[in-house]
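This briefing is intended for a reader who is meeting the structure for the first time. Please keep the sequence and the model in view while reading.

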Amino acid sequence: MRKLILALAVGLSAILFGKKAKAKAPEPSTYTVQKGDTLSKIALRFYSLVEMWPILQDANKIADPDRIEIGQVLTIPNPASISREQIAEAASRHRVRYGV
C-alpha cells in the first residue's frame, strides 16, 4: 500500500511540477524448478508464450536447456526489461523442450 501511495505521489508531483518521474528499473523475480518443469513451461507461466524460453536460458546462463534440475532457482527477467530484439532472437531459437 505504501508503494502505491508513493507511486501516486511521485506521479502527481510530476504532473504538477512538469517533471518526469524517474522509472525504477524493473527487477527480476525468481522461480524454483519443480518436477515436470521445462523452460518452455516456465516461460508460458511467466510470459504467456512458450517461445520465450531462450530468455530464461540466457538470463540463467544455462548451457543445455534440456537439463534443468528440480530445486534449481531460476532468475525470471521482468517482461518490461526485455527488448524487442531479445524477443525476436528468442523466437528464432524456439523449439519445444521436454521433461526434467
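**Briefing on the predicted model**

Thr38 is found in the loop between β1 and α2; helices (H or I, at least four residues) and strands (E, at least two) are DSSP runs, numbered from the N terminus. The model is predicted, so local features need pLDDT of at least 70 and side-chain atom pairs count only at pLDDT 80 or more, while totals for chains, interfaces and linings use all residues. Residues are numbered from 1 along each chain as its sequence is written, and side-chain values use heavy atoms, with hydrogens and water left out.

- Thr38 is buried, with a relative accessible area of 4%; buried means under 20% relative accessible area, exposed over 50%, and partly exposed in between (1.4 Å probe, protein chains only).
- A polar atom of the Thr38 side chain lies 2.9 Å from the backbone nitrogen of Lys41.

**Helix α2 and its surroundings**

- The buried residues of α2 are Leu39, Ser40, Ile42, Ala43 and Tyr47.
- Seen down the axis of α2, these buried residues fall within an arc of 160 degrees, so they line one face of the helix; the arc is that of the directions from the helix axis to the C-beta atoms.
- Among what covers the buried residues of α2 are β1, α3 (53–59) and β2 (73–76).
- Leu44 also has its place in helix α2, but it counts as partly exposed at 44% relative accessibility.
- Not counting residues up to four places away in sequence, Leu44 touches Leu49 and Val50; contact means heavy atoms within 4.5 Å.
- Ser48 follows α2 and has a positive phi, near 65 degrees.

**The aromatic pair**

- The structure holds one aromatic pair. The rings of Tyr31 and Phe46 have their centres 5.6 Å apart and their planes at 70 degrees, so the pair is edge-to-face.
- Rings of Phe, Tyr and Trp (its six-membered ring) pair if their centres lie within 6.5 Å; planes under 30 degrees apart count as stacked, over 60 as edge-to-face and the rest as tilted.
- The pair links distant parts of the chain, 15 residues apart: Tyr31 is in strand β1 (residues 29–32) and Phe46 in helix α2 (residues 39–47).
- Tyr31 is buried, at a relative accessible area of 10%, whereas Phe46 is partly exposed, at 28%.

**The largest nonpolar core**

- Of the 16 residues in the largest nonpolar core, Leu39, Ile42, Tyr47, Leu56, Leu74 and Ile76 touch the most other members.
- A nonpolar core is a set of buried Ala, Val, Leu, Ile, Met, Phe, Trp, Tyr and Cys residues joined through side-chain atoms within 4.5 Å.
- Two or more residues of this core come from each of α2, α3 and β2, and α2 gives the most, with four residues.
- Leaving aside neighbours within four places in sequence, Tyr47 is in contact with Met52, Ile55, Leu56, Ile76, Pro77, Pro79 and Ile82.

**Asn60, between α3 and β2**

- Asn60 lies in the loop between α3 and β2 and counts as buried at 18% relative accessibility.
- A polar atom of the Asn60 side chain lies 2.8 Å from the backbone oxygen of Leu56.

**Confidence**

- The mean pLDDT of the chain is 78, and 67% of its residues reach 70 or more; pLDDT is the predictor's confidence in each residue, from 0 to 100.
- Among the elements of the chain, helix α1 (residues 2–17) has the lowest mean pLDDT (48) and β2 the highest (96).
- Where pLDDT is low, the predicted coordinates should not be read in detail.

How values were computed:
Polar contact = N/O pair within 3.5 Å; in protein donor to acceptor, adjacent residues only side chain to side chain.
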